[in-house]
Amino acid sequence: MAGHDHSHGGHSHGSHGHGGHAHGGHAHAPKDFGTAFAIGIVLNTAFVVVEAAYGYLSNSMSLVADAGHNLSDVLGLAAAWIAAILVRRRATARFTYGYRGSSILAALFNAVFLLIAMGAVIWEALVRLVHPEPVAGTTVMVVAAIGILVNGLTAWLFASGAKGDINVRGAFLHMAADAAVSAGVVVAGLVIQLTGLSWLDPAVSLVIAALVVWATWGLLRDSVAMSLDAVPPEISPDAVTGFLLGRPGVAGLHDLHIWPMSTTSVALTVHLVMAEGHQAHRLPGNGFLAETAEGLRARFGIGHATLQIEEAGGPACRLAQDCAA
(Lines give C-alpha, C1' and ligand atoms only; values in the text may rest on other atoms or scores of the structure.)
Protein backbone atom coordinates (compact mmCIF):
# COMPACT_ATOMS: atom_id res chain seq x y z
CA MET A 1 0.00 0.00 0.00
CA ALA A 2 1.28 3.45 -0.81
CA GLY A 3 1.75 6.18 1.73
CA HIS A 4 -1.28 7.75 3.41
CA ASP A 5 -2.38 11.12 2.05
CA HIS A 6 -4.98 13.08 3.99
CA SER A 7 -6.97 16.11 2.99
CA HIS A 8 -9.10 17.91 5.59
CA GLY A 9 -11.82 20.33 4.52
CA GLY A 10 -10.29 21.16 1.17
CA HIS A 11 -6.80 22.11 2.32
CA SER A 12 -3.46 20.69 1.24
CA HIS A 13 -1.69 17.57 2.50
CA GLY A 14 -1.15 17.61 6.24
CA SER A 15 -3.33 20.64 6.98
CA HIS A 16 -6.73 20.92 8.64
CA GLY A 17 -9.74 22.95 7.63
CA HIS A 18 -13.35 22.95 8.75
CA GLY A 19 -15.84 24.04 6.15
CA GLY A 20 -19.44 25.09 6.81
CA HIS A 21 -22.45 22.87 6.28
CA ALA A 22 -23.71 23.26 2.73
CA HIS A 23 -26.73 22.12 0.70
CA GLY A 24 -27.10 22.82 -2.98
CA GLY A 25 -24.07 25.09 -3.00
CA HIS A 26 -25.17 27.35 -0.12
CA ALA A 27 -23.10 27.20 3.04
CA HIS A 28 -24.78 27.12 6.42
CA ALA A 29 -22.41 27.88 9.25
CA PRO A 30 -23.77 27.48 12.77
CA LYS A 31 -25.35 30.70 13.98
CA ASP A 32 -25.03 32.05 17.49
CA PHE A 33 -28.43 31.82 19.18
CA GLY A 34 -27.08 32.71 22.63
CA THR A 35 -29.33 35.76 22.94
CA ALA A 36 -32.38 33.76 21.85
CA PHE A 37 -31.62 31.06 24.44
CA ALA A 38 -31.14 33.64 27.21
CA ILE A 39 -34.39 35.49 26.41
CA GLY A 40 -36.31 32.25 26.05
CA ILE A 41 -35.10 30.85 29.38
CA VAL A 42 -35.84 34.05 31.32
CA LEU A 43 -39.31 34.59 29.81
CA ASN A 44 -40.37 30.97 30.19
CA THR A 45 -39.07 30.62 33.74
CA ALA A 46 -41.10 33.66 34.79
CA PHE A 47 -44.16 32.35 32.97
CA VAL A 48 -43.86 28.90 34.58
CA VAL A 49 -44.13 30.49 38.03
CA VAL A 50 -47.13 32.62 37.04
CA GLU A 51 -48.92 29.82 35.19
CA ALA A 52 -48.44 27.25 37.96
CA ALA A 53 -49.70 29.67 40.61
CA TYR A 54 -52.80 30.69 38.68
CA GLY A 55 -53.42 27.11 37.56
CA TYR A 56 -53.57 26.05 41.19
CA LEU A 57 -55.78 28.99 42.16
CA SER A 58 -58.19 28.48 39.23
CA ASN A 59 -58.24 24.67 39.62
CA SER A 60 -57.26 24.31 35.94
CA MET A 61 -55.51 21.08 35.01
CA SER A 62 -54.69 22.60 31.60
CA LEU A 63 -52.72 25.44 33.17
CA VAL A 64 -50.92 23.24 35.69
CA ALA A 65 -50.03 20.67 33.03
CA ASP A 66 -48.89 23.38 30.66
CA ALA A 67 -46.74 24.89 33.43
CA GLY A 68 -45.04 21.51 33.83
CA HIS A 69 -44.57 21.33 30.09
CA ASN A 70 -43.07 24.82 30.10
CA LEU A 71 -40.71 23.82 32.89
CA SER A 72 -39.46 20.92 30.77
CA ASP A 73 -38.91 23.39 27.94
CA VAL A 74 -36.83 25.65 30.19
CA LEU A 75 -34.60 22.66 30.98
CA GLY A 76 -34.50 21.73 27.30
CA LEU A 77 -33.50 25.26 26.31
CA ALA A 78 -30.77 25.24 28.95
CA ALA A 79 -29.41 21.94 27.61
CA ALA A 80 -29.49 23.22 24.03
CA TRP A 81 -27.73 26.45 25.04
CA ILE A 82 -25.00 24.56 26.87
CA ALA A 83 -24.52 22.37 23.80
CA ALA A 84 -24.34 25.43 21.54
CA ILE A 85 -21.53 26.77 23.73
CA LEU A 86 -19.67 23.44 23.90
CA VAL A 87 -19.79 23.06 20.11
CA ARG A 88 -17.54 26.12 19.80
CA ARG A 89 -14.89 24.87 22.21
CA ARG A 90 -11.57 23.79 20.78
CA ALA A 91 -10.63 20.17 20.32
CA THR A 92 -8.38 18.52 22.90
CA ALA A 93 -6.02 15.54 22.86
CA ARG A 94 -8.86 13.41 24.26
CA PHE A 95 -11.86 15.00 22.50
CA THR A 96 -10.26 15.26 19.07
CA TYR A 97 -13.43 16.59 17.42
CA GLY A 98 -14.05 19.00 20.26
CA TYR A 99 -17.53 18.86 21.78
CA ARG A 100 -19.54 19.05 18.57
CA GLY A 101 -21.46 15.88 19.41
CA SER A 102 -23.01 17.59 22.43
CA SER A 103 -25.45 19.34 20.09
CA ILE A 104 -26.75 15.92 18.98
CA LEU A 105 -27.13 14.80 22.60
CA ALA A 106 -29.04 18.00 23.41
CA ALA A 107 -31.44 17.42 20.50
CA LEU A 108 -32.03 13.85 21.70
CA PHE A 109 -32.53 15.08 25.28
CA ASN A 110 -35.04 17.66 24.07
CA ALA A 111 -37.07 15.08 22.16
CA VAL A 112 -37.12 12.54 24.99
CA PHE A 113 -37.91 15.16 27.65
CA LEU A 114 -40.74 16.63 25.59
CA LEU A 115 -42.29 13.18 25.10
CA ILE A 116 -42.03 12.49 28.84
CA ALA A 117 -43.70 15.82 29.61
CA MET A 118 -46.52 15.01 27.19
CA GLY A 119 -46.92 11.62 28.85
CA ALA A 120 -47.50 13.38 32.16
CA VAL A 121 -50.03 15.72 30.54
CA ILE A 122 -51.94 12.79 29.02
CA TRP A 123 -52.02 10.94 32.35
CA GLU A 124 -53.36 13.94 34.27
CA ALA A 125 -55.89 14.69 31.54
CA LEU A 126 -57.26 11.14 31.69
CA VAL A 127 -57.63 11.41 35.47
CA ARG A 128 -59.55 14.68 35.05
CA LEU A 129 -61.81 13.18 32.40
CA VAL A 130 -62.90 10.54 34.90
CA HIS A 131 -63.19 13.06 37.74
CA PRO A 132 -63.95 16.50 36.21
CA GLU A 133 -63.67 19.53 38.48
CA PRO A 134 -64.92 23.13 38.15
CA VAL A 135 -62.55 25.47 36.33
CA ALA A 136 -62.26 29.28 36.44
CA GLY A 137 -62.57 29.92 32.71
CA THR A 138 -61.66 33.63 32.69
CA THR A 139 -58.41 33.14 34.61
CA VAL A 140 -57.49 30.23 32.35
CA MET A 141 -58.01 32.33 29.20
CA VAL A 142 -56.00 35.33 30.41
CA VAL A 143 -53.01 33.30 31.60
CA ALA A 144 -53.00 31.09 28.52
CA ALA A 145 -53.15 34.17 26.27
CA ILE A 146 -49.99 35.46 27.94
CA GLY A 147 -48.48 32.05 27.22
CA ILE A 148 -49.20 32.43 23.52
CA LEU A 149 -47.25 35.70 23.47
CA VAL A 150 -44.31 34.36 25.51
CA ASN A 151 -43.96 31.09 23.61
CA GLY A 152 -44.71 32.61 20.22
CA LEU A 153 -42.00 35.25 20.70
CA THR A 154 -39.48 32.64 21.81
CA ALA A 155 -40.30 30.35 18.87
CA TRP A 156 -39.83 33.28 16.50
CA LEU A 157 -36.32 33.85 17.88
CA PHE A 158 -35.35 30.33 16.79
CA ALA A 159 -37.33 30.16 13.52
CA SER A 160 -34.42 31.16 11.27
CA GLY A 161 -32.27 28.25 12.45
CA ALA A 162 -34.94 25.54 12.62
CA LYS A 163 -34.00 24.00 9.26
CA GLY A 164 -30.22 24.21 9.43
CA ASP A 165 -29.61 22.90 12.96
CA ILE A 166 -31.58 20.07 14.57
CA ASN A 167 -30.60 21.41 18.00
CA VAL A 168 -32.19 24.80 17.25
CA ARG A 169 -35.07 22.94 15.60
CA GLY A 170 -35.69 21.18 18.91
CA ALA A 171 -35.87 24.52 20.74
CA PHE A 172 -38.18 25.90 18.05
CA LEU A 173 -40.50 22.88 18.26
CA HIS A 174 -40.66 23.18 22.04
CA MET A 175 -41.71 26.81 21.89
CA ALA A 176 -44.10 26.38 18.95
CA ALA A 177 -45.71 23.43 20.72
CA ASP A 178 -46.14 25.53 23.87
CA ALA A 179 -47.79 28.31 21.88
CA ALA A 180 -50.20 25.76 20.40
CA VAL A 181 -50.95 24.33 23.84
CA SER A 182 -51.66 27.81 25.18
CA ALA A 183 -53.97 28.55 22.24
CA GLY A 184 -55.89 25.36 22.96
CA VAL A 185 -56.19 26.29 26.62
CA VAL A 186 -57.63 29.71 25.66
CA VAL A 187 -60.28 28.02 23.51
CA ALA A 188 -61.06 25.55 26.28
CA GLY A 189 -61.39 28.35 28.83
CA LEU A 190 -63.80 30.26 26.58
CA VAL A 191 -66.00 27.24 25.90
CA ILE A 192 -65.99 26.26 29.58
CA GLN A 193 -67.07 29.77 30.58
CA LEU A 194 -69.91 29.73 28.02
CA THR A 195 -71.16 26.18 28.59
CA GLY A 196 -69.91 25.10 32.02
CA LEU A 197 -68.55 21.85 30.52
CA SER A 198 -65.47 21.40 32.70
CA TRP A 199 -64.49 18.11 31.02
CA LEU A 200 -63.42 20.15 27.99
CA ASP A 201 -60.34 21.29 29.94
CA PRO A 202 -58.67 17.83 30.04
CA ALA A 203 -60.11 16.88 26.63
CA VAL A 204 -58.34 19.78 24.95
CA SER A 205 -55.14 18.84 26.78
CA LEU A 206 -55.32 15.33 25.32
CA VAL A 207 -55.76 16.59 21.76
CA ILE A 208 -52.89 19.06 22.05
CA ALA A 209 -50.61 16.49 23.69
CA ALA A 210 -51.25 14.08 20.80
CA LEU A 211 -50.32 16.79 18.28
CA VAL A 212 -47.13 17.62 20.18
CA VAL A 213 -46.11 13.93 20.30
CA TRP A 214 -46.70 13.64 16.55
CA ALA A 215 -44.58 16.74 15.85
CA THR A 216 -41.80 15.58 18.20
CA TRP A 217 -41.48 12.10 16.72
CA GLY A 218 -39.47 13.37 13.74
CA LEU A 219 -37.06 15.18 16.04
CA LEU A 220 -36.57 12.01 18.09
CA ARG A 221 -36.02 9.89 14.97
CA ASP A 222 -33.46 12.30 13.49
CA SER A 223 -31.55 12.81 16.74
CA VAL A 224 -31.34 9.04 17.37
CA ALA A 225 -30.05 8.52 13.82
CA MET A 226 -27.43 11.23 14.34
CA SER A 227 -26.30 9.73 17.64
CA LEU A 228 -25.79 6.41 15.81
CA ASP A 229 -23.62 8.10 13.14
CA ALA A 230 -26.17 7.50 10.37
CA VAL A 231 -25.59 9.20 7.03
CA PRO A 232 -27.57 12.50 7.08
CA PRO A 233 -30.83 12.04 5.11
CA GLU A 234 -30.01 14.88 2.71
CA ILE A 235 -26.83 13.08 1.55
CA SER A 236 -26.99 10.13 -0.86
CA PRO A 237 -24.12 7.66 -0.29
CA ASP A 238 -24.56 6.45 -3.88
CA ALA A 239 -24.18 10.01 -5.18
CA VAL A 240 -21.04 10.52 -3.08
CA THR A 241 -19.64 7.22 -4.36
CA GLY A 242 -20.38 8.26 -7.95
CA PHE A 243 -18.65 11.60 -7.45
CA LEU A 244 -15.53 10.00 -5.97
CA LEU A 245 -15.33 7.32 -8.67
CA GLY A 246 -15.61 10.08 -11.26
CA ARG A 247 -12.47 11.82 -10.02
CA PRO A 248 -9.45 11.55 -12.36
CA GLY A 249 -7.49 8.35 -11.83
CA VAL A 250 -9.81 6.78 -9.25
CA ALA A 251 -10.26 3.09 -10.06
CA GLY A 252 -12.19 2.13 -6.94
CA LEU A 253 -12.88 2.92 -3.33
CA HIS A 254 -13.67 1.23 -0.04
CA ASP A 255 -14.23 1.92 3.65
CA LEU A 256 -16.48 4.93 2.91
CA HIS A 257 -18.01 6.46 6.03
CA ILE A 258 -20.23 9.56 6.23
CA TRP A 259 -21.52 10.77 9.58
CA PRO A 260 -22.64 13.92 11.44
CA MET A 261 -20.02 15.32 13.81
CA SER A 262 -22.61 17.76 15.15
CA THR A 263 -26.05 19.01 14.20
CA THR A 264 -24.48 21.29 11.56
CA SER A 265 -21.27 19.57 10.36
CA VAL A 266 -20.65 16.34 8.44
CA ALA A 267 -17.48 14.26 8.12
CA LEU A 268 -16.30 11.66 5.63
CA THR A 269 -13.47 9.15 5.46
CA VAL A 270 -12.70 6.97 2.44
CA HIS A 271 -9.91 4.94 0.87
CA LEU A 272 -9.47 5.84 -2.82
CA VAL A 273 -7.74 3.27 -5.03
CA MET A 274 -5.85 5.01 -7.84
CA ALA A 275 -5.28 3.32 -11.18
CA GLU A 276 -1.79 1.84 -11.45
CA GLY A 277 0.63 4.44 -12.74
CA HIS A 278 -1.86 7.32 -12.53
CA GLN A 279 -0.27 10.52 -11.24
CA ALA A 280 -3.31 12.74 -10.50
CA HIS A 281 -2.79 12.54 -6.73
CA ARG A 282 0.92 13.38 -7.09
CA LEU A 283 0.42 16.77 -8.74
CA PRO A 284 2.22 19.70 -7.02
CA GLY A 285 0.28 21.21 -4.14
CA ASN A 286 -1.96 18.15 -3.72
CA GLY A 287 -4.48 19.67 -6.15
CA PHE A 288 -6.32 16.34 -6.51
CA LEU A 289 -6.95 16.08 -2.78
CA ALA A 290 -7.92 19.73 -2.37
CA GLU A 291 -10.29 19.68 -5.36
CA THR A 292 -11.91 16.43 -4.25
CA ALA A 293 -12.50 17.70 -0.71
CA GLU A 294 -13.88 20.99 -2.05
CA GLY A 295 -16.23 19.09 -4.36
CA LEU A 296 -17.54 17.09 -1.39
CA ARG A 297 -18.14 20.32 0.53
CA ALA A 298 -19.84 22.17 -2.32
CA ARG A 299 -22.00 19.29 -3.59
CA PHE A 300 -22.90 17.44 -0.42
CA GLY A 301 -22.16 19.75 2.53
CA ILE A 302 -19.37 17.47 3.78
CA GLY A 303 -17.02 19.97 5.40
CA HIS A 304 -14.49 17.59 6.98
CA ALA A 305 -13.19 15.03 4.45
CA THR A 306 -10.28 12.66 5.07
CA LEU A 307 -9.06 10.88 1.93
CA GLN A 308 -6.58 8.00 2.02
CA ILE A 309 -4.85 7.18 -1.27
CA GLU A 310 -3.92 3.64 -2.30
CA GLU A 311 -2.49 2.41 -5.61
CA ALA A 312 -3.91 -0.51 -7.54
CA GLY A 313 -1.47 -3.39 -7.67
CA GLY A 314 0.11 -2.46 -4.34
CA PRO A 315 -0.13 -4.37 -1.07
CA ALA A 316 -3.71 -5.27 -0.16
CA CYS A 317 -5.39 -2.98 2.39
CA ARG A 318 -6.69 -4.89 5.40
CA LEU A 319 -9.73 -2.63 5.62
CA ALA A 320 -10.61 -3.42 2.01
CA GLN A 321 -10.59 -7.11 2.91
CA ASP A 322 -12.77 -6.43 5.95
CA CYS A 323 -15.27 -4.48 3.83
CA ALA A 324 -15.47 -7.34 1.33
CA ALA A 325 -16.01 -9.98 4.06
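**Exercise 1. Classify Asp229 by its accessibility, then describe its setting and its phi angle.**

Step 1: Asp229 has a relative accessible area of 46%, so it is partly exposed. The classes, worked out with a 1.4 Å probe and protein chains only, are buried for under 20% relative accessible area, exposed for over 50%, and partly exposed in between.

Step 2: Asp229 sits in the loop between α6 (200-227) and α7. Helices (H or I, at least four residues) and strands (E, at least two) are DSSP runs, numbered from the N terminus.

Step 3: The phi of Asp229 is near 65°, which is positive in a residue other than glycine.

A word about the model before you go on: it is predicted, local features need pLDDT of at least 70, side-chain atom pairs count only at pLDDT 80 or more, and totals for chains, interfaces and linings use all residues. Residues are numbered from 1 along each chain as its sequence is written, and side-chain values use heavy atoms, with hydrogens and water left out.

**Exercise 2. Is Asp255 buried or exposed, and where does it lie?**

Step 1: Asp255 belongs to strand β3.

Step 2: With a relative accessible area of 15%, Asp255 is buried.

Step 3: Asp255 has a positive phi of about 55°, although it is not a glycine.

**Exercise 3. Describe how helices α1 and α4 pack.**

Step 1: Two packed helices are described by the angle between their axes and the distance between the axes.

Step 2: The axes of α1 (residues 34-58) and α4 (residues 137-158) come within 10 Å and cross at roughly 165°. Here axes are lines fitted to C-alpha atoms, for helices over the stretch in contact, and angles run from 0 to 180 degrees between N-to-C directions.

Step 3: That makes α1 roughly antiparallel to α4. The scale is: under 35 degrees roughly parallel, over 145 roughly antiparallel, 65 to 115 roughly perpendicular, and the rest oblique.

Step 4: Among the residues that meet are Phe47 and Tyr54 in α1, and Val143 and Leu157 in α4. Contact means heavy atoms within 4.5 Å.

**Exercise 4. Which residues does Thr154 touch?**

Step 1: Thr154 is found in helix α4, and its relative accessible area of 0% makes it buried.

Step 2: Not counting residues up to four places away in sequence, Thr154 touches Gly40, Leu43, Asn44 and Met175.

**Exercise 5. Which members of the largest nonpolar core touch the most other members?**

Step 1: A nonpolar core is a set of buried Ala, Val, Leu, Ile, Met, Phe, Trp, Tyr and Cys residues joined through side-chain atoms within 4.5 Å.

Step 2: The largest one has 20 residues, and Val240, Leu268, Leu296 and Ile302 touch the most other members.

Step 3: At least two residues of this core come from each of α7 (237-245), β3 (250-260), β4 (266-274), α8 (287-300) and β5 (304-311).
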